[in-house]
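Visitor: I would like a close look at one part of this model, the charged pairs. Please set the overall layout first, then go pair by pair.

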Amino acid sequence: QVDKLTIKIEASHSGIINGNRFFYTPGGMKAGAKSFTTPYNKPVLAHHDSHSDPIGRVITAKYIDYKIEHGITDSKKPTDVVDLVSDFIKTKSFKAKDYKGLGHVELTAEITDAAAVDKVLDGRYLTVSIGAGIDSAACSICGEDQKQMSYDNHCGHFRGETYDGVD
């Protein structure tokens with residue numbers, strides 16, 4: 001009987017367009033990695049259920065840079081980043097079959113819930129999905145900061161939609 005497990009998790013990747021239609025920049029992810037352990041070690045939840053007891057806690061978090069040349073720099077002006085990302089996703093590096101992103105956040109977590117330990121060991125809990133907060137989210141069409149917009153003050157572009165041939 002195993003009481004607890006310490007596991008490494010490849011949590012989220014920079015430099016790809018994920019299932020939620022977000023493209024995380026390497027600088028943004030590197031800066032945000034500390035949010036998994038600051039101001040406290042975040043809980044590991046089953047099924048994103050924040051109303052249930054955690055199955056463990058994140059112990060450490062760090063950004064792993066894949067050292068791929070990309071030219072994407074973070075900026076206070078969202079349109080600057082949108083243009084850099086738009087240029088990058090047209091490159092051979094981004095379109096290569098073996099491309100897996102520009103880096104990822106690696107978490108070390110301690111799983112302490114007995115049922116969850118069993119599910120990790122037998123493969124039922126093989127993958128993860130994380131919830132994360134962001135400081136800004138630039139619209140890929142106009143560069144407006146989506147985080148600062150409200151329902152009444154929205155640029156009119158929506159993730160996953162195409163506008164004049166641009167996603």
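Guide: Some ground rules first. This is a predicted model, so local features need pLDDT of at least 70 and side-chain atom pairs count only at pLDDT 80 or more, while totals for chains, interfaces and linings use all residues. Residues are numbered from 1 along each chain as its sequence is written, and side-chain values use heavy atoms, with hydrogens and water left out.

Now the layout. Read along the sequence, the pattern is β-α-β-β-α-α-β-α. That makes 4 helices and 4 strands. Here helices (H or I, at least four residues) and strands (E, at least two) are DSSP runs, numbered from the N terminus. The C-alpha trace spans about 60 × 40 × 25 Å along its principal axes. Of the 167 residues, 27% are buried. Buried means under 20% relative accessible area, exposed over 50%, and partly exposed in between (1.4 Å probe, protein chains only).

The charge totals come next. The protein has 20 positive and 23 negative charges, and their mean positions are 5 Å apart. Lys and Arg count as positive, Asp and Glu as negative; His and the chain ends are not counted. Each charge is placed at NZ of Lys, CZ of Arg, CG of Asp or CD of Glu.

On to the pairs. The structure holds 4 salt bridges. The term means a side-chain nitrogen of Lys or Arg within 4 Å of a carboxyl oxygen of Asp or Glu. One of them joins K8 and E106, at 3.6 Å from N to O. K8 lies in strand β1 (residues 5-14) and E106 in strand β4 (residues 103-111), so this pair ties together parts that are 98 residues apart in sequence. K8 is exposed, at 58% relative accessible area. E106 is buried, at 17%.

E106 also pairs with K62. Their side chains form a salt bridge at 3.8 Å, N to O. K62 sits in strand β3 (residues 56-65) and E106 in strand β4, so the bridge ties together parts that are 44 residues apart in sequence. K62 is partly exposed, with a relative accessible area of 45%.

Another pair is D122 and R124. Their closest N and O atoms are 2.7 Å apart. D122 is partly exposed, at 46% relative accessibility. R124 is exposed, at 55%. Back to the shared partners: salt bridges join K8, K62 and E106 into one network.

Take D74, in the loop between β3 and α2. D74 is partly exposed, at 43% relative accessible area. Its side chain reaches the backbone nitrogen of G28 at 3.1 Å. A polar atom of the D74 side chain also lies 3.3 Å from the backbone nitrogen of G27. Both are polar contacts: N or O atoms within 3.5 Å; within protein, one must be able to donate a hydrogen and the other to accept it, and residues adjacent in sequence count only if both atoms are side-chain atoms. D74 and G28 are 46 residues apart in sequence, yet their C-alpha atoms are 7.1 Å apart. Leaving out residues up to four places away in sequence, D74 touches T25, G27, G28 and V81. Contact means heavy atoms within 4.5 Å.

K42 is a lysine to compare. K42 is found in the loop between α1 (26-32) and β2 (43-44). The K42 side chain reaches the backbone oxygen of Y40 at 3.2 Å. Setting aside neighbours within four places in sequence, K42 contacts S35, F36, G56, R57 and V58.

T91 is in the loop between α2 (78-88) and α3 (92-95). A polar atom of the T91 side chain lies 2.7 Å from the backbone oxygen of F88. T91 is partly exposed, at 29% relative accessibility. The C-alpha atoms of T91 and H70 are separated by 9.1 Å, and the two residues are 21 apart along the chain.

Among contacts with a separation of 6 or more, 65% come from residues 24 or more positions apart.
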